[in-house]
Amino acid sequence: MTRTEVASAGPDRRIVGADGIRPDGTPILTISACPRCAGRWFPPRDICSACAHDELDSVEAGRDGIAYASTVVRIGAPGFTTPYVLSYVDVDGVRVLTHTDTVDREEPEALAPGTPVTFTAGPTMAAGQVELWSYRVRAADAPESDR
Ligand SMILES: [Zn+2]
């Protein structure tokens, strides 16, 4: 897979989880699609987890999804500033766990199940001096956030 740097990325910024970021700021997410059983998988893989077929197609996920479940994390993993919101989002036949942009960073709210979301990209955590960017979502009707 090709990794595409963010247009303004420097040596201190890396993309994780996505295959790149489009000029419009949306992430490129690759889904593995099985031509034998129609299974779909994210993150992409080499072998279908349902039927073990080993010639999977790669398809690019769309920019829009639907929140399946969401929660506010108040005690996070090392390296993550709390509170933050994690959501499971359904997009093009896969369910993706993703950080979620919120309007109020101090008192964030989880997304209600069924909320339409748009994929974005942005900083998720720091690893030493390297800023790690990944895919994220925000409610489709929410204003863009500075996170
Ligand atoms: Zn399969």
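Strands in this report are DSSP runs of E spanning at least two residues, numbered from the N terminus. The structure is a predicted model.

**Overall architecture**

The chain contains 11 strands and 0 helices. From the N terminus on, its order of elements is β-β-β-β-β-β-β-β-β-β-β. The radius of gyration is 16 Å, close to the 15 Å that the globule rule gives for 147 residues, so the chain is as compact as a globular protein of that length. Along the principal axes, the C-alpha trace spans about 45 × 40 × 30 Å.

Of the 147 residues, 40% count as buried. When contacts between residues at least 6 apart in sequence are considered, 47% of them join residues at least 24 apart. The accessible surface of the chain amounts to about 8400 Å², and carbon and sulfur atoms account for 51% of that area. Charged side chains number 14 positive and 21 negative, with the centres of the two sets 2 Å apart.

**Backbone features in the loops**

Ala52 is found in the loop between strand 5 and strand 6; its phi is near 70°, a positive value in a residue other than glycine.

Pro83 belongs to the loop between strand 7 (64-73) and strand 8 (84-91). Thr82 and Pro83 are joined by a cis peptide bond, with omega about -5°. The loop between strand 8 and strand 9 (94-100) holds Asp92, a residue other than glycine whose phi is also positive, near 50°.

**Exposure of selected residues**

The table lists relative accessibility for residues discussed in this report.

| Residue | Relative accessibility | Class |
|---|---|---|
| Cys34 | 5% | buried |
| Cys51 | 24% | partly exposed |
| Asp92 | 40% | partly exposed |
| Ala52 | 53% | exposed |
| Asp141 | 72% | exposed |

Cys34 counts as buried because its relative accessibility of 5% falls under the 20% cut-off. Cys51, at 24%, counts as partly exposed. A disulfide is a covalent bond between the sulfur atoms of two cysteines. The count of disulfides in this model comes to 0.

Asp141 is located in the segment after strand 11 (130-139). Asp141 and Thr118 are 23 residues apart along the chain, and their C-alpha atoms are separated by 8.9 Å. The side of exposure is clear for Asp141, because its relative accessibility of 72% is over the 50% limit for an exposed residue.

How values were computed
Residues are numbered from 1 along each chain as its sequence is written. This is a predicted model: local features need pLDDT of at least 70, side-chain atom pairs count only at pLDDT 80 or more; totals for chains, interfaces and linings use all residues. Side-chain values use heavy atoms; hydrogens and water are left out. Helices (H or I, at least four residues) and strands (E, at least two) are DSSP runs, numbered from the N terminus. The radius of gyration is taken over C-alpha atoms; the globule rule is 2.2 Å times the number of residues to the power 0.38. Buried means under 20% relative accessible area, exposed over 50%, partly exposed in between (1.4 Å probe, protein chains only). Contact means heavy atoms within 4.5 Å. Accessible areas come from the Shrake-Rupley method with a 1.4 Å probe; for residues, only the protein chains shown count as cover. Lys and Arg count as positive and Asp and Glu as negative; His and the chain ends are not counted. The place of a charge is taken as NZ of Lys, CZ of Arg, CG of Asp or CD of Glu. A disulfide is a pair of cysteine sulfur atoms within 2.5 Å.
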